[in-house]
Amino acid sequence: MVATQEDLLSLSSSFSKIIKRGFGKGPESCYTVLKGNRLYVQIRNFMTPAEEILSEKQEYNLVTKFRSSVITVFSKELVQEASQLLGISFESFYQDWNFNTNSGILLLVNNRSNPVVKIDDRLEKKLYHLIRMVGSQLHKVPSQLKVVKYTQNICAIELKGVMLPLDHLLAENGDSDLFLTYTREIKKGYYRQKLLFEDLFNRSIEDLFMIWDIPANKGFLIFSFNKIYT
């Protein structure tokens with residue numbers, strides 16, 4: 001089955017309704033993009049009054065844990081809705097939220113498929129070099145990098161072997177506050193170097209997300225683009 005734009009629009013509407021049921025308020029914008037075995041759901045302008053208060057007080061760990069916990073409760077329903085409508089079996093579900101920009105992303109993955117993403121060789125080499133250079137100051141240098149999505153709107157890179165033993169220890173011991181703070185600092189570190197990435201992509205970066213898959217020892221670095229330079 002090949003998903004149509006109508007299917008994706010219908011799925012965006014369904015996701016918005018499910019989220020609204022969980023929070024009492026739905027996102028102003030919910031945009032779904034299917035690329036190979038991955039479904040990207042970009043969410044903008046979605047914050048409850050309680051989350052706004054917590055964000056204003058910079059209680060980012062608390063608001064992130066609240067948001068993530070509620071979304072996780074509905075993750076099975078979201079995955080089922082996407083699988084049925086698109087005819088693709090999604091097994092993995094990820095999420096990341098940036099409360100300072102009032103945005104978030106959901107990532108659903110079919111683990112049995114791994115299509116190749118076409119990208120210019122020179123751009124790919126420069127991108128990998130830049131990620132290793134910037135990332136070496138923020139986290140363990142990845143053992144493997146792979147572009148899993150590249151369009152005018154998004155570039156998503158899979159980073160394998162990126163977690164240190166301490167990262168696993170924090171996750172296994174349930175020290176979520178420290179791990180959330182660590183993740184947020186990593187995103188800040190990449191964002192501070194956004195001009196380098198914008199020059200490379202020739203795109204204006206609107207947002208940046210960092211998703212972790214702790215058991216698989218990998219992460220996804222996702223750049224969301226705003227506009228093409230003129």
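Biologist: How do you know that β1 and strand β2 pair, and in which sense?

Modeller: First, keep in mind that this is a predicted model. Two strands count as paired if there are at least two bridges between them. β1 and β2 (residues 38-44) have seven bridges, in the antiparallel sense, so they count as a pair. Within that pair, Tyr31 stands opposite Gln42 in β2.

Biologist: And what holds paired strands together in general?

Modeller: Strands of a sheet pair through backbone hydrogen bonds.

Biologist: In what order do the four strands sit in the open sheet?

Modeller: The order is β1-β2-β4-β3, with antiparallel pairing. From one strand to the next, the twist averages 15°.

Biologist: What makes β1 and β3 edge strands?

Modeller: Each pairs on one side only: that goes for β1 (29-35) and for β3 (92-98).

Biologist: Which helix packs on the sheet, and which strands does it touch?

Modeller: Helix α3, residues 60-86, touches β1, β2, β3 and β4 (103-109). Its direction makes about 130° with that of β3.

Biologist: Is β3 mostly covered or mostly open?

Modeller: Mostly covered, with six of its seven residues buried.

Biologist: Why is Leu8 called buried?

Modeller: Buried means under 20% relative accessible area. Leu8, in helix α1 (residues 5-23), has 10%, so it is buried.

Biologist: Which residues does Leu8 touch, leaving out those up to four places away in sequence?

Modeller: Leu8 touches Thr32, Leu34, Leu39 and Leu86. As for Ser55, which is 47 residues from Leu8 along the chain, the C-alpha atoms of the two are separated by 31 Å.

Biologist: And why does Leu166 count as exposed?

Modeller: Exposed means over 50%. Leu166, which lies in helix α5 (residues 165-172), has a relative accessibility of 53%, so it counts as exposed.

Biologist: Which residues form a nonpolar patch on the surface with Leu166?

Modeller: Leu164 and Leu169. Together the three have about 270 Å² of accessible area.

How values were computed. Residues are numbered from 1 along each chain as its sequence is written. This is a predicted model: local features need pLDDT of at least 70, side-chain atom pairs count only at pLDDT 80 or more; totals for chains, interfaces and linings use all residues. Side-chain values use heavy atoms; hydrogens and water are left out. Helices (H or I, at least four residues) and strands (E, at least two) are DSSP runs, numbered from the N terminus. Axes are lines fitted to C-alpha atoms, for helices over the stretch in contact, and angles run from 0 to 180 degrees between N-to-C directions. Contact means heavy atoms within 4.5 Å. Patches are made of residues with over 30% relative accessible area and no salt bridge: like charges are joined within 9 Å, nonpolar side chains (Val, Leu, Ile, Met, Phe, Trp, Tyr) within 5 Å. Accessible areas come from the Shrake-Rupley method with a 1.4 Å probe; for residues, only the protein chains shown count as cover. A salt bridge is a side-chain nitrogen of Lys or Arg within 4 Å of a carboxyl oxygen of Asp or Glu. Buried means under 20% relative accessible area, exposed over 50%, partly exposed in between (1.4 Å probe, protein chains only).
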